[in-house]
Amino acid sequence: MSGLRVYSTSVTGSREIKSQQSEVTRILDGKRIQYQLVDISQDNALRDEMRALAGNPKATPPQIVNGDQYCGVWALLGGEGSVVGGLQ
């Protein structure tokens, strides 16, 4: 697969996950970076794909992948622009 993908979920009871997903999309939209939003709640295979790419069987959304390269999410949130800078 190619392009930037953000794995997220439309079904969660976690306020933290909702907040992180909103922050990731806000940053990417603000930088006008195109991405595909992948909703893992629609198919368990998508959740398994996200976890395999993250290398963590317990990974939760949001997770960012550029092509087949896992980018994570904390670098983006922790140092705003640190992952984004490499994506422009």
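R26 is partly exposed, with a relative accessible area of 43%. This is a predicted model, so the values I give are computed from its coordinates. The side chain of R26 meets that of E23 in a salt bridge, at 2.8 Å from N to O. E23 is partly exposed too, at 29% relative accessibility. Both residues sit in helix α1, residues 15-30, and they are three residues apart, about one turn of the helix. As background, side chains of opposite charge can pair when their charged atoms come close.

How many salt bridges does the structure hold? There are two. R47 counts as partly exposed at 27%, and D48 is partly exposed with a relative accessible area of 43%.

Next, helix α2, which covers residues 44-54. Its N-terminal end is capped by D43, with a side-chain oxygen 2.9 Å from the backbone nitrogen of A45. Just after α2 comes G55, which takes a positive phi of about 70°.

Now the sheet. It is open and has four strands, in the order β2-β1-β3-β4, with mixed pairing. The edge strands are β2 and β4, residues 69-72, each pairing on one side only. On average, neighbouring strands are turned by 30° against each other, direction ignored. β1 pairs with β3, residues 63-66, in the antiparallel sense over four bridges. Within that, V6 stands opposite I64 in β3.

Where do the helices go? α1 packs on the sheet and touches β1, β2 and β3, its direction making about 160° with that of β1. α2 also packs on the sheet, where it touches β1, β2, β3 and β4. The direction of α2 makes about 115° with that of β1.

Is S8 buried or exposed? Its relative accessible area is 8%, under the 20% cut-off, so S8 counts as buried. Leaving aside neighbours within four places in sequence, S8 is in contact with Q21, L37, V38, D39, I40, S41 and P61.

Last, confidence. The mean pLDDT of the chain is 84, and 81% of its residues reach 70 or more. Which element has the lowest confidence? That is helix α4, residues 84-87, at a mean of 49. Strand β2, residues 36-39, has the highest, at 96. Where pLDDT is low, the predicted coordinates should not be read in detail.

Key. Residues are numbered from 1 along each chain as its sequence is written. This is a predicted model: local features need pLDDT of at least 70, side-chain atom pairs count only at pLDDT 80 or more; totals for chains, interfaces and linings use all residues. Side-chain values use heavy atoms; hydrogens and water are left out. Buried means under 20% relative accessible area, exposed over 50%, partly exposed in between (1.4 Å probe, protein chains only). Contact means heavy atoms within 4.5 Å. pLDDT is the predictor's confidence in each residue, from 0 to 100. Helices (H or I, at least four residues) and strands (E, at least two) are DSSP runs, numbered from the N terminus. A salt bridge is a side-chain nitrogen of Lys or Arg within 4 Å of a carboxyl oxygen of Asp or Glu. A polar contact is a pair of N or O atoms within 3.5 Å; within protein, one must be able to donate a hydrogen and the other to accept it, and residues adjacent in sequence count only if both atoms are side-chain atoms. Two strands pair if DSSP finds at least two bridges between them. Axes are lines fitted to C-alpha atoms, for helices over the stretch in contact, and angles run from 0 to 180 degrees between N-to-C directions.
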